[in-house]
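Welcome! Here is a short briefing to read alongside the sequence and the 3D view.

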Amino acid sequence: MQGLLRMNSVPNFLSPDLTDSRLSRQASYKMLIDGKSVAAASGKEVQRHSPGHAGKLVGSWPEAGAEDLDRAIAAARRAFDQGPWPRMSSAERSRIMFRVAELILARVDEIALVESLEVGKPIAQARGEIEYCADLWSYAAGQVRGMHGDSHNDIGDNRLGLVLREPVGVVGIITPWNFPFIIASERVPWAIGAGCTVVLKPSELTSGTSILMAEIARDAGVPDGVFNVVTGYGAAAGQPLAEDPRTDMVAFTGSVRVGTQLAELAARQVKRVGLELGGKGPQIVFADADLDAAADGVAYGVYHNAGQCCISGSRLIVHEDVREALLERVLAISRKIPFGDPLNERTRFGPMISPAHLEKVDAYVRAGEAAGAELLTGGAAQSEKGLYYQPTVFQGVRPDMSIAREEIFGPVLSTLGFRHADEAVAMANDSEFGLSATVWSTNLENAMQTIRRVRAGRCWVNSVIDGTPELPVGGYKKSGLGRELGRYGFDEYSQIKGIHVTLGKPQRWFEG
Ligand code: NAD
């Protein structure tokens, strides 16, 4: 499976149990279009094999083409133009969305298992994520009733100004493979909560839980055509969402390459675009940081989800006075952290998503070595039983090296040193990305003065990869456009209309 990669073995690896009975689940899914479960018109299917279990088949879903997209977009258009959803009171929409949250909670174990098998997520982490998604749905359900426009009562005695908030229309939502249920739950409730209708296109690698989400929404009472899911590959099943004139917006999460392409396509129709793209999150550690907490956070920040996380803290920018002491602690964690079998309750991170991705991660590690960075631990694939890569730490990384600049999307930490706060901020901002950033310092004033100078949309002080539905997420620079969550998420999916009302007799323009 891992042909030419360097491979060695470390003792903290939890070898996958290929006889685990949960691996016999080979779910066969249908898409959900206009409230009905349907196969692709072509009859073709995409198969998914567990990346953590020697490629065992764990699921399959339809491979949608032009005809399927046409039906899904037509259904969403009809549901928006003629259906009850956009015209319902927010109280009615809210009630149904609360029900979705309840039904998700009732099925946490089942949904978590699917994500664990398809993505390779540790099962315990997956359960936490699905519970968090129920919270995202219920937060959005509650906020729906607080959405409103505005009025201007002081623009002249015979004038009244009204600002109406309206749904943007039909939204195509395209999601990646690393957090399928979370990324859809960060968008769909806000979009349909605003009164929009949706066609969701999940990654071809991990589509199972997006289909389950749409089925749950249907069971909760979301009307037919409001929440459709099409599955399949990007060009055939995703691109039409940006190209088709019947969609009003495309919300894309994924690579810079595809995001840019979709934004160009949408621009031709002046279509609204939301983009959440890559990152290269800096973690700035000052000399006065609590080093035990920072080391734990640095490890979590880079190894969570096997580093396949757009908000990974993969660039450690540490004060030279504590570099050695911090790295000692990070290395101790890296050598002890249980990684491997996603179905083992003890596992902290699992496999890479695909053989090609494993090779890409390894190529970055080799490039780091070739450029002169010092490999302190890891740096090799592990086990023939799955796509596992060891926890890997570099020091002596220069800002111009590819491992300091590019998104590796694997469990690979690049360490750079600094002496002055200005230098740390300059290094943090020396990136084409600006998705997330962390500062570790026990001096809150220093931490706040630093983080406010870092150009990133999602920031933490003395923590990392934290999240709550109340706070917005989104990127600066090439990390994206627009904001999700909080009240900002509703703005993303709303149109704003100004209405000038004349009270009394209008003033004549021309007295003839
Ligand atoms: P990707 O861009 O290859 O794919 C993302 C989605 O786009 C998939 O559903 C894919 O099928 C679809 N797609 C591919 N080509 C398309 C096309 N021509 N037209 C329309 N859709 C198309 O990304 P990926 O490999 O799935 O995910 C990894 C990337 O996503 C990383 O760069 C990561 O940083 C980014 N990401 C960002 C966030 C965020 O919130 N900012 C979250 C997760 C992942």
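How many helices and strands does the protein chain have? The protein chain has 16 helices and 27 strands, counted as DSSP runs from the N terminus (helices are H or I with at least four residues, strands are E with at least two). This is a predicted model, in which local features need pLDDT of at least 70, side-chain atom pairs count only at pLDDT 80 or more, and totals for chains, interfaces and linings use all residues. Residues are numbered from 1 along each chain as its sequence is written, and side-chain values use heavy atoms, with hydrogens and water left out.

**Overall shape**
- Along its principal axes, the C-alpha trace spans about 85 × 55 × 40 Å.

**Inside and contacts**
- Of the 512 residues, 57% are buried (under 20% relative accessible area with a 1.4 Å probe, protein chains only; exposed is over 50%, partly exposed in between).
- Among contacts (heavy atoms within 4.5 Å) with a separation of 6 or more, 74% join residues 24 or more positions apart.

**Cysteines**
- The count of disulfides (pairs of cysteine sulfur atoms within 2.5 Å) is zero.
- C459 is in no disulfide, and the nearest cysteine sulfur, that of C310, is 13 Å away.
- C459 counts as partly exposed because its relative accessibility is 32%.
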